[in-house]
Amino acid sequence: MNPIINTYQMNVGNREFLLADVSRTPGVIGTTKITHATAHPLERPPVTELLYVSDEAIINMTRPAKGDEFTNKLIHQISTISICDDNIKTILSTVSDNYFTYSQSMAKSLQPFFELLSEGIYVCHESKMIPSNGAGNFFWSAYTIRHEFSGSATHSRAMGKESNYIPCFLIPTKNPSEFTDSKVKAQREKLMMSKKVGGLAYHVSGMFSALLDGHHSAAACLLNDTDFKCLVIEPLRDFLYESPEQALEYDREPRIIALSCPYVKIPIEQIPPAILESLLLRRNGVRPKHYAELRKKAGKSLRTVNRKSIPREILLKAELLPDNAAVESAHAVTELTDEQLGALLAGEIKYEDKIIISQNYYNSVITACNYLQYEDFDRFFKFAFAIIDNTDLIATHKYIIERLCGINNKKIHDFFVALIERDDPIYQNYVPQLDVYIKNYDKYISDALIDKENKAKQLNRAKSLLGGEMGEAGIAQMEAIVKASRRG
Amino acid sequence: MAFESLPGVKVVSHATEQTFIIGDFFAVYLKGDEIPTIYRWAEVKSISESRADFTVCLSGITYKIMKTCIPDEKKQLNLRGVFEGAVHFNPAIEYNHPKRILPPKYLYLNGNMNEAPYIVNGVYREREINFSNVILLNTRLGRIFKIVAFLSIITVFIILHFTIEGGIRHNWFWFIPISVFSGGIAVMLIYLICAIIANYHFAYLFKNDVAINEEITFAVSSDGFSAVESHLHTGCEFIPWMEANYFIETNSVFIVYKHKKAVFWLPKRLFSKEIQTEISNFIHARLVQK
């Protein structure tokens with residue numbers, strides 16, 4: 001049977017996306033639940049969900065026992081997509097190439113990929129992704145050990161079920177040992193030549209998407225300080241219900257009003273009837289062909305072939321990426337003026353008789369801080385420093401200092417030095433933490449200087465060899481020549 | 001939800017101009033509707049299956065899904081599986097169904113059944129079910145049979161003693177074999193009635209349960225057991241042993257009971273003699289034999 005793929009270009013609430021109905025496909029890529037039976041159907045057992053490619057379980061996401069849809073999951077990488085069939089890998093890499101490099105339409109580029117997916121309805125869009133695990137770590141090396149990830153719950157308590165957001169944090173599908181400097185360099189060269197690079201991501205849970213292709217592009221974009229864009233595929237499988245108040249009006253149980261995925265909530269009236277029908281006919285519990293095999297592999301952990309590590313420069317840059325709290329706050333706050341910030345600093349929760357963020361002052365300050373960190377670094381520094389300077393807001397100091405400690409920045413370094421020099425008893429508890437930060441920052445700067453010197457030396461050597469100006473591309477070319485001559 | 005991987009079923013009722021889609025939700029398109037009314041299973045009060053239809057009751061509304069609208073028997077069984085899976089997940093739904101041989105699907109758990117050491121496909125045969133039914137009746141009514149036989153012997157003896165006149169009356173020694181013979185006849189008659197009842201019982205099941213003609217996949221593992229229509233079998237649903245109370249082994253089948261109701265019939269002929277003994281020991285290690 002040939003796969004049937006119907007696509008519809010849609011716009012809901014100013015969100016452009018492609019809606020795809022995929023049927024009669026072999027289901028090579030998808031997610032499946034591994035439930036643990038309980039004696040009573042109302043007990044909540046741990047639920048493990050696997051992202052699989054063919055018969056390989058790639059990512060394991062486990063919701064702990066008694067958890068609900070607002071509980072964060074434990075995530076770890078089990079295997080790599082590289083050991084899968086070559087055809088699959090080729091299709092995955094051509095999808096993003098066709099879309100980003102050759103500017104093909106989204107529907108056309110994704111066609112071969114849709115044929116690999118399990119049957120279902122999918123929302124596809126191009127979005128900016130954050131190549132981190134939502135906690136300031138570079139995504140590629142952050143999932144080797146199973147642990148809980150903030151923002152991995154099916155629904156975020158902070159944002160609620162109704163809000164639209166991009167599942168922007170990434171989970172790798174390749175082994176960290178597959179990281180290659182030369183591939184990153186090649187992608188960086190593409191970027192320097194103003195070519196578009198991107199990836200292909202598949203939404204798996206909450207704020208997290210699995211990166212199926214474009215790992216090196218993500219690293220290159222991070223190093224070049226450019227946005228990393230991805231074609232994001234989100235299975236449309238959740239339902240949004242009317243509020244209990246609305247249902248009470250009609251004296252009935254809450255009815256389904258929209259189909260939901262993180263990116264968009266599509267009102268039921270706007271869904272093409274054919275799609276709605278096929279959605280109702282499909283069951284959530286359909287298991288893939290290799291289910292038994294996948295279940296056996298679910299408990300395994302990732303084997304790294306060698307101990308090659310991700311370059312320090314990438315890891316340091318990832319630390320500056322917004323974390324989950326920042327992204328959630330950015331969704332919770334629509335606008336924050338300087339006047340509103342001033343009111344918050346004065347200990348108010350209202351400005352011009354309107355609640356600024358929340359009725360809880362502590363929560364308001366934290367959310368404002370996270371929002372500013374996501375939106376505007378300069379205003380974030382100003383606000384954070386002003387809060388720490390204000391001895392009346394002592395309850396918020398610990399949180400703000402912890403957030404500042406996660407960022408390597410000269411302004412923060414200087415502020416912390418000044419804070420220690422003040423010798424104020426209020427800040428005495430934080431001195432050891434600030435000392436560690438200052439020490440680490442000094443090391444970071446000295447390492448960066450050494451890197452810079454090395455680069456300068458490399459450049460000079462290249463210049464002397466070629467007798468002229470040359471850029472990074474030239475250096476890469478030089479290195480290739482040297483390597484080739486060594487091999488020879 | 002047990003049997004949550006069964007495909008959803010679309011039923012078009014031309015008589016009532018309603019279209020039903022039964023899957024993870026219970027959706028109803030009324031005449032001319034583009035958008036269906038989608039009910040969650042938690043909203044359903046009761047589901048009843050009769051020979052002619054499925055009736056789904058919600059608060060204030062009742063929908064009848066005629067079986068004639070689903071000509072394909074496999075699809076009918078699929079629909080029954082979807083309903084019973086929903087009942088498993090929402091125990092508040094009142095579910096009524098006619099008697100049948102296969103265990104109702106709401107008894108199953110959806111889990112990861114360990115590889116079943118004993119798994120086989122086959123169909124039920126009328127003879128083995130009838131025979132087992134008679135044996136079960138005998139087991140259940142065995143004492144009554146003995147009492148009836150004894151009473152009929154005594155009664156015949158007394159009747160002979162008081163009714164027969166002449167020389168034979170003095171030779172009452174002949175009364176004994178005659179009484180015993182009539183007692184035997186009485187038991188034979190009762191046995192015959194039982195066999196007719198068993199046959200009727202099977203005919204009743206046969207009429208009510210389309211699954212009886214289907215190929216069934218039987219599985220017995222350390223986690224539990226299952227007897228599911230082969231086209232609906234996933235290998236992931238099973239009834240755990242702790243759900244059952246005891247089992248009976250006849251010449252032709254193993255029968256597992258829950259609350260005095262037979263829930264699992266496993267025909268012996270599907271296995272070799274050695275395996276039959278193994279299975280008997282396997283079940284015996286988990287359940288009491290009666």
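**Close-up views of a predicted model**

**View 1. Phe415(A) and Phe416(A) form a tilted ring pair.** Phe415(A) has 10% relative accessibility and so counts as buried (under 20% relative accessible area; exposed is over 50% and partly exposed lies in between, with a 1.4 Å probe and protein chains only). Phe416(A), at 0%, is buried as well. Over all chains, 33 aromatic pairs are counted (rings of Phe, Tyr and Trp, the last by its six-membered ring, with centres within 6.5 Å; planes under 30 degrees apart are stacked, over 60 edge-to-face, the rest tilted). The ring centres of Phe415(A) and Phe416(A) lie 6.2 Å apart and the planes meet at 50 degrees, so this pair is tilted.

**View 2. Tyr437(A) and Tyr441(A) form a stacked ring pair.** Their ring planes are at 15 degrees, so the pair counts as stacked, with centres 6.3 Å apart.

**View 3. Domain 1 of chain B meets domain 3 of chain B.** Domain 1 spans 9–97 and domain 3 spans 126–210, with bounds from an automatic or database domain assignment. Five residues of domain 1 contact four of domain 3 (heavy atoms within 4.5 Å). Between these domains the rule finds zero salt bridges (a side-chain nitrogen of Lys or Arg within 4 Å of a carboxyl oxygen of Asp or Glu).

**Notes.** The model is predicted: local features need pLDDT of at least 70, side-chain atom pairs need pLDDT 80 or more, and totals for chains, interfaces and linings use all residues. Residues are numbered from 1 along each chain as its sequence is written, chains are lettered from A and ligands numbered from 1 in written order, and side-chain values use heavy atoms, without hydrogens and water.
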